[in-house]
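Thanks for passing this one along.

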Amino acid sequence: MGRPPYTVEEYQELAEGRGLYFLDLVAPLSVREDCLWKCKQCGHIHSKSFRTVQATKNGCACQNGMALAAKDYYELAEKLGIGWLDVIPPKNTKEETRWASKKTGRVVVASYKSLVYGNKISLRLKGLLELNNVSEQNGTDPDRADKYELRRVTV
Ligand SMILES: [Zn+2]
């Protein structure tokens with residue numbers, strides 16, 4: 001009946017091809033069972049089955065500039081402590097949209113992609129949106145630095 005379950009190595013191999021890390025130490029018994037993956041780019045943790053990951057070209061929405069829902073934009077804004085001003089999300093994550101600093105009300109035009117990578121946000125954007133530098137808080141540990149641990153500058 002069917003093939004034996006995939007091994008951890010096979011999960012890791014699939015993860016590699018999709019820009020993900022396979023986080024679980026033990027492979028699930030079924031390819032339909034959800035397990036944990038982490039996006040190499042944005043650090044987002046996904047709970048997906050082997051089959052689901054296998055069926056997609058990229059492991060995470062951030063990697064292919066695909067369309068995201070308005071709620072994803074609101075979620076990112078909330079994580080950063082800023083506001084998202086548009087109501088209709090752009091066609092993809094590379095297209096620019098409007099954000100605003102909650103403190104100064106300054107409107108900044110930037111893509112989702114340019115804001116989603118936590119510690120990789122440009123200094124210009126950090127300055128415009130008054131985002132604190134993640135590395136101050138998290139040192140150089142890359143595993144922690146990519147978890148959007150951005151704080152607003154408090155005065
Ligand atoms: Zn991602």
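**Notes on the sheet**

1. Leu36 has Ser47 of β3 as its bridge partner. Strands here are DSSP runs of E with at least two residues, helices are runs of H or I with at least four residues, and both are numbered from the N terminus. Two strands count as paired if DSSP finds at least two bridges between them.

2. Before going on, please keep in mind that this is a predicted model, where local features need pLDDT of at least 70, side-chain atom pairs count only at pLDDT 80 or more, and totals for chains, interfaces and linings use all residues. Residue numbers start from 1 along each chain as its sequence is written.

3. Five bridges link β2 to β3 (residues 45-49) in the antiparallel sense. Asp34 sits opposite Ser49 of β3. The two strands make a hairpin with five residues between them, and Gly43 in its turn has a positive phi of about 80 degrees.

4. On to the other pairing: β1 (residues 20-22) and β2 (residues 34-39) run antiparallel and are joined by three bridges. Tyr21 has Lys38 in β2 as its bridge partner.

5. Together the three strands form an open, antiparallel sheet in the order β1-β2-β3. Because β1 and β3 are at the edges with a single partner strand each, one side of each has no neighbour in the sheet. From one strand to the next, the twist averages 40 degrees (axes are lines fitted to C-alpha atoms, for helices over the stretch in contact, with angles from 0 to 180 degrees between N-to-C directions).

6. Finally, helix α1 (residues 8-17) lies across β1 and β2, and runs at about 170 degrees to β1. Contact means C-beta atoms, placed from the backbone, within 7 Å.

Technical notes. Contact = placed C-beta atoms within 7 Å.
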